[in-house]
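Me: I'm new to reading protein models. Could you go through this one with me, a question at a time?

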Amino acid sequence: IESIEKLSARDLEINPFLISTIKHQFNINSTYDLAEWLVKQRIERGTVTGFGNTLQNIAKEFSNEKPFPGLTMRLKKNGKTYNLMIKSGPNPYPMQPAKDMEKILLDSKETDPNSIPIFCMCYGNEDAVSSVVKTHMNNVKRLVGKEFWAFISGDSNCRKKILTIAKE
């Protein structure tokens, strides 16, 4: 909120191609409308990114192991080691970042051959996982939403408990 309050017109990046394309669909008819849309976009992106980081930090509380570079979490459980890359949700990922994420996960297995790399998403379900992830990250295990929280915590009600805390 503080950074939004300090914004000036010079801080807003205006893509004239994008604005020309969407101005009618979003009813951008004046400079005020344009400024309002740009500020709302910044608020939404900042909120989503910040809360995604919060979810990752909550998940990290279930392990005290140091993760490999590029990964979010390392978990030892039932005599096995898991290397996790955690993202907040099943949002569509561009193809190249998905391939890069899979490579980081697979490289962790080369460093530690007995480990199991897993791509994790804090919310959603398998049906919501983007086709890019399903197509370009199919060489690693995937955990989504409730099954992710249950796996890292050992508690099938973990997701529900975290949601209750978030609501409070």
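Me: How many disulfides are there by the count here?
Reply: Keep in mind that this is a predicted model. A disulfide needs two cysteine sulfur atoms within 2.5 Å. By that rule, the count of disulfides is zero.

Me: Why is Cys120 too far for a bond with the closest cysteine sulfur?
Reply: The closest cysteine sulfur to that of Cys120 belongs to Cys122. A bond would need the pair to be within 2.5 Å. Cys120 is too far for a bond because the gap is 8.0 Å.

Me: And Cys158, which cysteine has the nearest sulfur?
Reply: Cys158 is in no disulfide either. Its nearest cysteine sulfur is 10 Å away, and that sulfur is in Cys122.

Me: Is Cys158 buried or exposed?
Reply: Buried means under 20% relative accessible area. Cys158 comes out at 5%, so it counts as buried.

Me: OK, on to the rings. What kind of aromatic pair do Tyr82 and Phe151 form?
Reply: The model has three aromatic pairs by count. Tyr82 and Phe151 form one, with 4.8 Å from centre to centre. Planes over 60 degrees apart count as edge-to-face. Here the angle between the planes is 85°, so the pair is edge-to-face.

Me: How many residues apart are Tyr82 and Phe151?
Reply: Tyr82 is in strand 2 (residues 80-87), while Phe151 is in helix 6 (residues 146-153). The pair links distant parts of the chain, and the two are 69 residues apart.

Me: Is Phe151 buried or exposed?
Reply: The cut-off for buried is under 20% relative accessible area. Phe151 has 17%, so it is buried.

Me: Which residue has its charged end over the ring of Phe151?
Reply: For a charge to sit over a ring, one condition is that NZ of Lys or CZ of Arg is within 6 Å of the ring centre. Arg74 lies over the face of Phe68, at 4.5 Å from the ring centre. Over the ring of Phe151, 4.3 Å from its centre, sits the charged end of Lys77.

Me: Last topic, the largest pocket. Which helix gives the most to its lining?
Reply: The largest pocket holds about 250 Å³ of space. Two elements give two or more residues to the lining: helix 3 (31-60) and helix 7 (158-167). With five residues, the one that gives the most is helix 7.

Me: How many nonpolar residues does that lining have?
Reply: Among the lining residues are Phe51, Leu55, Trp149 and Ile162. By class, the lining has one polar and one charged residue, and the nonpolar ones come to ten.

Conventions
Residues numbered from 1 in each chain as written. Predicted model: local features only at pLDDT ≥ 70, side-chain atom pairs only at ≥ 80, totals over all residues. Heavy atoms only, no water. Phe/Tyr/Trp six-rings, centres within 6.5 Å; stacked < 30°, edge-to-face > 60°. Helix = DSSP H or I, 4+ residues; strand = E, 2+ residues; numbered from the N terminus. Buried < 20%, exposed > 50% of the residue type's maximum accessible area, 1.4 Å probe, protein only. Lys NZ or Arg CZ within 6 Å of the ring centre and 35° of its normal. 1 Å grid on protein atoms, 1.4 Å probe; cavity = no way out; pocket = protein on both sides within 12 Å on 5 of 7 lines; lining within 4 Å. Points joined across faces, edges and corners; volume = space filled by probe spheres on them. Nonpolar A, V, L, I, M, F, W, Y, C, P; charged D, E, K, R; others polar.
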